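Here are my notes on the model you sent. Please read them with the structure open.

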Amino acid sequence: MSRFFNTAGPVKSEKHYNIDPLSRINVNEMLSLINQEKYFVLHAPRQTGKTSYLLAFMDYLNKQGKYKCLHVDIEAAQAARENVKEGMQTILALLSQNASIYLEDTFFKKNWKEIFEESGEFIALNEALMQWCRESSKPVVLFFDEADSLVGDTLISLLRQLRTGYTHRPRLFPQSIILCGVRDVRDYRILSDKEKTVITGGSAFNIKAESLRLDNFTLEEIKILYRQHTEETGQQFNDDIFPLVWELTAGQPWLVNALGYEVCSRMKQGKDRSKSITKDMINQAKENIILNRETHMHQLLDKLKENRVKKVIEPILVGSKEPENISDEDIDYVVDLGLIHKKPQLGIANRIYQEVIPRQLTYSTELTISQEASWYMKTDGSLDMDKLLKAFQEFFRNHFESWVDGFDYAEAGPQLLLQAFLQRIVNSGGRVEREYGLGRQRTDLLVIWPYKNGECIQQVVVELKLRYGSREKTIKKGLEQTWEYMDKCGTDQGYLLIFDRSKKASWKEKIFKLEKTFKGKRIPVFGM
Ligand SMILES: Nc1ncnc2c1ncn2[C@@H]1O[C@H](COP(=O)(O)OP(=O)(O)OP(=O)(O)O)[C@@H](O)[C@H]1O
Ligand SMILES: [Mg+2]
């Protein structure tokens with residue numbers, strides 16, 4: 001069978017197109033840490049390639065022959081929660097299983113239960129590792145994958161048992177241990193049920209030497225990956241798709257593969273190997289993977305419910321001017337999750353997340369909005385945006401307050417409700433592109449609506465601003481910004497929406513419509 005783009009679990013080079021995992025972190029740097037008997041951390045957001053890397057590196061070390069290396073994914077111990085006994089039994093059972101599979105080593109299989117009986121949960125892992133290393137003819141290197149999936153006292157006990165053994169390395173304890181997860185150990189804040197206090201990872205595991213972070217793919221790596229498909233199937237990618245894939249994914253490895261898989265193996269058009277892959281097809285693939293709501297998206301979007309995440313994401317959605325009141329700790333947390341990047345400035349990590357975050361937050365709302373594109377279609381099939389936004393104004397007035405009451409992201413309520421409304425309408429064939437971010441004090445939306453069987457494409461800018469200070473000033477600035485965005489998108493259709501969130505003003509004052517022109521372009525303004 002020919003190879004394909006992998007979207008489920010670690011990569012296998014014989015089955016999947018891939019970037020050589022070992023090329024992603026300098027092997028010599030890793031070797032040097034291991035030779036120096038270091039304990040360290042490897043971390044990266046979900047589906048970045050951590051496990052693929054560790055498995056490849058284990059193979060590499062075992063082939064090299066100087067060390068005995070074992071990878072063990074301890075996520076299953078998460079189910080034990082605070083129960084240290086069950087947690088440690090699970091970890092030992094996993095060690096036993098993996099040592100048999102990867103090393104044909106039956107030490108744990110034969111001994112772990114007895115060691116556990118004798119030593120008890122708070123030292124059994126330490127004792128088992130000691131005995132295993134003593135028996136081993138080579139120094140041991142151990143990778144604990146998904147270390148940060150453990151919780152509370154179970155995690156604390158794991159870290160402490162490793163720390164206790166540290167001084168006995170390399171003869172009687174692993175020469176080197178890598179803890180792998182989404183977060184750096186230093187940043188773990190572990191709630192101990194037993195000790196009724198929060199313990200930081202840094203204090204429970206103060207022996208860590210380094211933290212390595214696995215980066216996303218570069219543009220060059222995206223090309224290398226996609227061209228493997230061309231090599232194997234003959235199917236070409238137009239050159240101009242690469243900057244687009246880059247923009248959509250910022251190199252996030254799962255997203256890069258998911259786009260490739262969708263466009264080449266799922267979409268009817270793309271399955272025809274004689275047809276080159278075009279930008280339009282990539283854009284369609286992007287829509288599809290957003291709508292499919294696959295595990296990657298779920299895992300990520302689930303995090304939006306956490307208060308720490310909300311504190312960072314909400315001001316970005318609003319475009320707030322003053323980001324100073326977001327704490328660095330919360331920012332780092334959301335960076336580690338992969339939702340945002342810090343450079344060049346704080347923003348959503350890539351364009352796909354940028355689209356999917358507002359859509360997720362209003363997913364249930366979108367389903368309940370009973371609006372249809374056909375109500376706003378002109379005879380030629382294009383959208384009557386004046387009519388549509390008039391309807392939104394009415395909708396907003398009638399529903400906003402009850403809708404936003406109790407809504408988690410209330411600050412970003414107006415922006416999100418408008419996006420949900422537009423999304424609902426264009427779902428039957430168009431799409432909405434969104435630009436928002438800290439300090440921008442506005443949201444730019446671009447409605448893209450194909451009509452006449454796709455021969456024509458209508459592009460409409462809908463610019464959204466909160467009223468700050470006087471209405472006139474907000475409109476003046478808003479017209480300028482709307483015009484700029486229209487100019488950038490190359491369209492003559494643009495609308496400005498002003499949301500007035502003051503509690504004092506009545507709806508009568510808030511609701512208005514003005515016909516304006518700016519630098520020769522018509523820009524109607526809707527207030528609400
Ligand atoms: N070397 C690689 N080449 C190409 N794609 C890769 C590579 N490594 C990872 N990926 C992509 O990332 C996905 C996840 O890989 P992997 O399971 O190794 O990541 P992970 O960081 O361990 O994820 P998780 O956080 O879910 O454990 C793969 O399904 C594939 O889409
Ligand atoms: Mg993994």
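1. The crossing of α9 past α10 is right-handed. This is a predicted model, and the points below should be read as such.

2. What does each of these helices bring to the contact? Val 245, Leu 248 and Thr 249 come from α9, and they meet Leu 255, Val 256 and Leu 259 of α10. By class, that contact holds five nonpolar residues, one polar and no charged.

3. Look next at the link between the two helices. Ala 250 sits in the loop between α9 and α10. Its phi is near 50°, which is positive although the residue is not glycine.

4. α9 also packs on α8. Helix α8 covers residues 219–233, and its axis comes within 10 Å of the axis of α9, with a crossing at roughly 120°. α8 and α9 are therefore oblique to each other. Here too the crossing is right-handed, with α8 passing α9.

5. The α8 side of that contact is Leu 219, Ile 222 and Lys 223; the α9 side is Phe 242, Val 245 and Trp 246. The classes are five nonpolar, no polar and one charged. Note Val 245: this residue meets α8, and Val 245 is also listed in the contact of α9 with α10.

6. On the domain layout, the protein is divided into domain 1 (21–213), domain 2 (219–292) and domain 3 (358–527). The C-alpha centres of domain 1 and domain 3 are 51 Å apart.

7. Another helix pair to inspect is α3 (residues 84–103) with α5 (residues 124–135). Their axes come within 10 Å and cross at roughly 20°. That angle is under 35 degrees, so α3 and α5 count as roughly parallel to each other.

8. In this pair, Met 88, Ile 91 and Leu 92 of α3 meet Ala 124, Leu 125 and Ala 128 of α5. The contact divides into six nonpolar residues, no polar and no charged.

9. The bond from Arg 169 to Pro 170 is cis, with omega near 0°. Pro 170 is found in the loop between α6 (152–166) and β4 (176–181).

10. The other cis peptide bond joins Lys 343 and Pro 344, with omega about 0°. Pro 344 lies in the loop between β8 (340–341) and β9 (347–348).

Note on methods. Residues numbered from 1 in each chain as written. Chains lettered and ligands numbered in written order. Predicted model: local features only at pLDDT ≥ 70, side-chain atom pairs only at ≥ 80, totals over all residues. Axes fitted to C-alpha atoms, helices over the stretch in contact; angles between N-to-C directions. Helix = DSSP H or I, 4+ residues; strand = E, 2+ residues; numbered from the N terminus. Parallel < 35°, antiparallel > 145°, perpendicular 65-115°, else oblique. Contact = placed C-beta atoms within 7 Å. Nonpolar A, V, L, I, M, F, W, Y, C, P; charged D, E, K, R; others polar. Left-handed = near helix turned anticlockwise from the far one by under 90°. Domains from an automatic or database assignment.
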